[in-house]
Amino acid sequence: MNSFLRNLNHIRLMKQSLMKIAGRFWLRFAAKYPSIYLLEKMRNCLGIQLTSEELMLITSALRRKSRVNLLVFGTGNDSEYWFRLNSSGKTVFLENDPSWVRNAKSIIPGLDVRHIEYNTVRSQWCDLLKDEARLNDGFPDELAKNYWDVILVDAPVGWKDSDPGRMKS
């Protein structure tokens, strides 16, 4: 029984590896020739949470100009797609989880990902609407001074009142 479970685990790990390889294959094509079909293949292999339609809508916004300044709150399985899609523009990722920062930098050479800390929680949303200074506190000045054509907010988590929420994003 132990060898059966060990073999089953090896098969599962091989499947995960093959899905990542296939996902990166589809990602490269989708970044050059975006379509619902390619985006669906990519997201299924890589475990991207956005739907193909959502990905296509954001993709269309990015492709309206040849050089886009893209600011992305959060890194994830779709980060390489945004980076490759906007290869002629400027793409900056802001991430509050240090392990995701390290992971993204190790997987995607040249990725501009910066660690950011949130000092607010979701339950403070009403007070934060009245206090713009607190919303800007901790946000990198150099980024605040830039003009961003597209801002994609996919972080931080905000499921519970004790989570940072997305007010500062």
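A pocket, on a 1 Å grid over the protein atoms alone, is an open set of points with protein on both sides within 12 Å along at least five of seven lines, while a cavity is a set of points where a 1.4 Å probe fits but cannot get out. Lining residues have an atom within 4 Å of a point. Grid points are joined across faces, edges and corners, and a volume is the space filled by probe spheres set on the points. With that in hand, welcome to this predicted model, in which local features need pLDDT of at least 70, side-chain atom pairs count only at pLDDT 80 or more, and totals for chains, interfaces and linings use all residues. Residues are numbered from 1 along each chain as its sequence is written, and side-chain values use heavy atoms, with hydrogens and water left out.

**Overall layout**

- The protein has eight helices and four strands; these are DSSP runs numbered from the N terminus, helices being H or I with at least four residues and strands E with at least two.
- Their order along the sequence is α-α-α-β-α-β-α-β-α-α-α-β.
- The C-alpha trace spans about 60 × 45 × 30 Å along its principal axes.
- Of the 169 residues, 36% are buried (buried is under 20% relative accessible area, exposed over 50% and partly exposed in between, with a 1.4 Å probe and protein chains only).
- Among contacts (heavy atoms within 4.5 Å) between residues at least 6 apart in sequence, 49% join residues at least 24 apart.

**Nonpolar cores**

- A nonpolar core is a set of buried Ala, Val, Leu, Ile, Met, Phe, Trp, Tyr and Cys residues joined through side-chain atoms within 4.5 Å.
- The largest one has 28 residues, and Met42, Leu55, Leu62, Leu70, Tyr81 and Trp82 have the most contacts inside it.
- Two or more residues of this core come from each of α1 (2-32), α2 (36-46), α3 (52-62), β1 (69-73), α4 (79-85), α5 (98-107) and β4 (150-153).
- The largest share, five residues, is given by α2.
- Setting aside neighbours within four places in sequence, Tyr81 is in contact with Leu27, Ala30, Ala31, Pro34, Leu39, Met42 and Thr59.
- Another core lies apart from the largest one and has nine residues, including Ile116, Tyr118, Phe139 and Leu143.

**Pockets and a cavity**

- The largest pocket has a volume of about 460 Å³.
- It is lined by 19 residues, and the closest to its centre are Gln49, Thr75, Gly76, Trp100 and Asp154.
- By class, this lining has seven nonpolar, seven polar and five charged residues (Ala, Val, Leu, Ile, Met, Phe, Trp, Tyr, Cys and Pro count as nonpolar, Asp, Glu, Lys and Arg as charged, and the others, Gly among them, as polar).
- The second largest pocket holds about 370 Å³ of space.
- Among the 18 residues lining the second largest pocket, Lys20, Leu46, Gly76, Asn77 and Ile107 are the closest to its centre.
- At least two residues of that lining come from each of α1, α2, α4 and α5, and the lining divides into eight nonpolar, six polar and four charged residues.
- The whole structure has one cavity of 30 Å³ or more, and the volume of the largest cavity is about 30 Å³.
- The largest cavity is lined by Val72, Gly74, Thr75, Gly76, Asp78, Ser79, Trp82, Phe93, Leu152 and Asp154.

**Residues to visit**

- Asp154 sits in the segment after β4 and is partly exposed, at 37% relative accessible area.
- Beyond four places in sequence, Asp154 is in contact with Phe73, Asp78 and Arg166.
- Arg67 lies in the loop between α3 and β1 and is exposed, at 55%.
- Not counting residues up to four places away, Arg67 touches Ser88, Gly89 and Asp149; Arg67 and Asp149 are 82 residues apart in sequence but 9.3 Å apart in space, C-alpha to C-alpha.
- Ser52, in helix α3, is buried at 1% relative accessibility.
- Ser52 touches Ile36, Leu39, Glu40 and Arg43, residues up to four places away again being left out.

**Cysteines**

- The structure holds zero disulfides, a disulfide being a pair of cysteine sulfur atoms within 2.5 Å.
- Cys45 is buried, at 16% relative accessible area, and Cys126 is partly exposed, at 36%.
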